[in-house]
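Please look over the sequence and the 3D structure shown here, and then follow the account of charges and salt bridges below.

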Amino acid sequence: MIAMSARVRPTAGIDSVRTLERDLRSRYESLPISPHQYLVRFSDGPVLVTDELGSLRLDVVVADERSARHFVDSFRSELDIRTLRGSLAVSWSRDATAAVPLR
């Protein structure tokens, strides 16, 4: 299992992050975890989305490297569909442990 995180920051203004957050919650089934955190059911499985004061953090657990590449590609496609890709900077990292709601 691989725990991954994406930090999504706006490149200009905060509106693009807020638009993405609203779109994720309206397009996909979501479950609130706390006031600034919710689980979204993507086709690849659950993703923990955390609103972090001007940015979003997405945490996911995937089975293997192939699944990791697929998730990254799927998320890029999601941003392209929403025409937000140029207005957002996304940085990926690997985590030693999965976020608690994903365990």
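**Charges and their pairing**

The protein carries 15 positive and 14 negative charges, whose mean positions are 1 Å apart; Lys and Arg count as positive and Asp and Glu as negative, with His and the chain ends not counted, and a charge is placed at NZ of Lys, CZ of Arg, CG of Asp or CD of Glu. This is a predicted model, in which local features need pLDDT of at least 70 and side-chain atom pairs count only at pLDDT 80 or more, while totals for chains, interfaces and linings use all residues. Residues are numbered from 1 along each chain as its sequence is written, and side-chain values use heavy atoms, with hydrogens and water left out.

Side chains of opposite charge can pair when their charged atoms come close. Taking a salt bridge as a side-chain nitrogen of Lys or Arg within 4 Å of a carboxyl oxygen of Asp or Glu, the count comes to ten.

One of these joins D51 and R18, with the closest N and O atoms 3.2 Å apart. Because D51 belongs to strand β4 (residues 45–51) and R18 to helix α1 (residues 15–27), the pair ties together parts that are 33 residues apart in sequence; helices (H or I, at least four residues) and strands (E, at least two) are DSSP runs, numbered from the N terminus.

A salt bridge also connects D95 with R57 (3.5 Å, N to O). This pair links distant parts of the chain, since D95 lies in strand β6 (residues 88–95) and R57 in strand β5 (residues 56–62), 38 residues apart.
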